[in-house]
Amino acid sequence: MIDNNLKYCREELEMTQTELGNIFGVSDSTVRGWENAYDTIPLRKLVKFCNQFNYSIDYVLNLTRENKHYSKIEKLDKVVIGKKLKSLREKLGLTQQKIADECSISRATYCHYEIGMNLITTLTLYTICKNHKISIDEFLRK
């Protein structure tokens, strides 16, 4: 799971888990699970949080210690993200199987992300970006 700064960000905003849960339409126990890394916040909800409260995705996911100026991500298009994943993988000279192994997922699951059949999960995107020292913010904005 991802060791994240979500709890710190929520507390900085002086919000309760219940209040944050209401924004996302989830229970406070779901928010608690995200904050304690028992579960991973879905990418769409993470982007919504970052857009609404001006936090860097890299900062919330603890990929950086600074909350750099955040530019909103307007839309998460699974086809566009899939094309970016394929381009990145090819640039890195890796096979789908190699990336899938790094992320502890099946090659078929990764393939579905690349062809835009499914939106990549936060955990998988985090793993790829962390392993290859890539900003999630920049990856999603390119």
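This is a predicted model: local features need pLDDT of at least 70, side-chain atom pairs count only at pLDDT 80 or more; totals for chains, interfaces and linings use all residues.
Colleague: How many salt bridges does the structure hold?

Modeller: The structure holds four salt bridges. Side chains of opposite charge can pair when their charged atoms come close.

Colleague: Why is the pair of glutamate 35 and arginine 10 called a salt bridge?

Modeller: The closest N and O atoms of glutamate 35 and arginine 10 are 2.4 Å apart. The cut-off is within 4 Å, so the pair counts as a salt bridge.

Colleague: What parts of the chain does the pair link?

Modeller: Distant parts. Glutamate 35 is in helix α3, residues 28-35, and arginine 10 is in helix α1, residues 6-12. The two are 25 residues apart.

Colleague: Are glutamate 35 and arginine 10 buried or exposed?

Modeller: Glutamate 35 is buried, and arginine 10 is buried too.

Colleague: What makes aspartate 28 and arginine 32 a salt bridge?

Modeller: Their closest N and O atoms are 4.0 Å apart. The rule asks for within 4 Å, and therefore the pair is counted as a salt bridge. Aspartate 28 and arginine 32 are four residues apart in helix α3, so about one helical turn separates them.

Colleague: Why are aspartate 28 and arginine 32 called partly exposed?

Modeller: Aspartate 28 has a relative accessible area of 31%. For arginine 32 the value is 33%. Buried means under 20% and exposed means over 50%, so a value in between is called partly exposed.

Colleague: How do you know that aspartate 137 and arginine 141 form a salt bridge?

Modeller: Their closest N and O atoms are 3.9 Å apart. That is within 4 Å, so the pair is a salt bridge. Both belong to helix α10, residues 136-141. They are four residues apart there, so about one helical turn lies between them.

Colleague: What is noted about the phi of alanine 37?

Modeller: The phi of alanine 37 is near 65 degrees. That is a positive value in a residue other than glycine. Most residues other than glycine have a negative phi. Alanine 37 is found in the loop between α3 and α4 (43-53).

Colleague: And what phi does asparagine 62 have?

Modeller: Asparagine 62 has a positive phi of about 65 degrees, although it is not a glycine. Its place is in the loop between α5 (57-60) and α6 (78-92). Asparagine 62 is partly exposed, with a relative accessible area of 31%.

Colleague: What makes the pair of asparagine 5 and asparagine 62 a polar contact?

Modeller: The contact between their side chains is 3.4 Å. A polar contact needs N or O atoms within 3.5 Å, so this one qualifies.

Colleague: Why does asparagine 5 count as buried?

Modeller: Its relative accessibility is 15%, and buried means under 20%, so asparagine 5 is buried. Asparagine 5 is found in the segment before α1. Leaving aside neighbours within four places in sequence, asparagine 5 is in contact with Tyr59, Val60, Asn62 and Thr64.

Colleague: How do you know that tyrosine 110 is buried?

Modeller: Its relative accessible area is 1%, and the limit is under 20%, so tyrosine 110 is buried. Tyrosine 110 sits in helix α8, residues 107-114. Beyond neighbours within four places in sequence, its contacts include Leu85, Arg89, Ile99 and Ile128.

Colleague: How many cavities of 30 Å³ or more are there?

Modeller: The count is one cavity of 30 Å³ or more. The largest cavity holds about 50 Å³ of space.

Colleague: What lines the largest cavity?

Modeller: Its lining is Ile2, Asn4, Trp34, Asp39, Thr40, Ile41 and Leu61. These residues divide into four nonpolar, two polar and one charged. Asp counts as charged, so Asp39 belongs to the charged class.

Colleague: And what lines the largest pocket?

Modeller: The largest pocket has about 190 Å³ of space. It is lined by 13 residues, and Asp58, Lys68, Ser135, Asp137 and Glu138 lie nearest its centre. Helix α10 gives the most to the lining, with three residues. The lining divides into three nonpolar, five polar and five charged residues.

Key. Residues are numbered from 1 along each chain as its sequence is written. Side-chain values use heavy atoms; hydrogens and water are left out. A salt bridge is a side-chain nitrogen of Lys or Arg within 4 Å of a carboxyl oxygen of Asp or Glu. Buried means under 20% relative accessible area, exposed over 50%, partly exposed in between (1.4 Å probe, protein chains only). On a 1 Å grid over the protein atoms alone, a cavity is a set of points where a 1.4 Å probe fits but cannot get out, and a pocket is an open set with protein on both sides within 12 Å along at least five of seven lines; lining residues have an atom within 4 Å of a point. Grid points are joined across faces, edges and corners, and a volume is the space filled by probe spheres set on the points. A polar contact is a pair of N or O atoms within 3.5 Å; within protein, one must be able to donate a hydrogen and the other to accept it, and residues adjacent in sequence count only if both atoms are side-chain atoms. Contact means heavy atoms within 4.5 Å.
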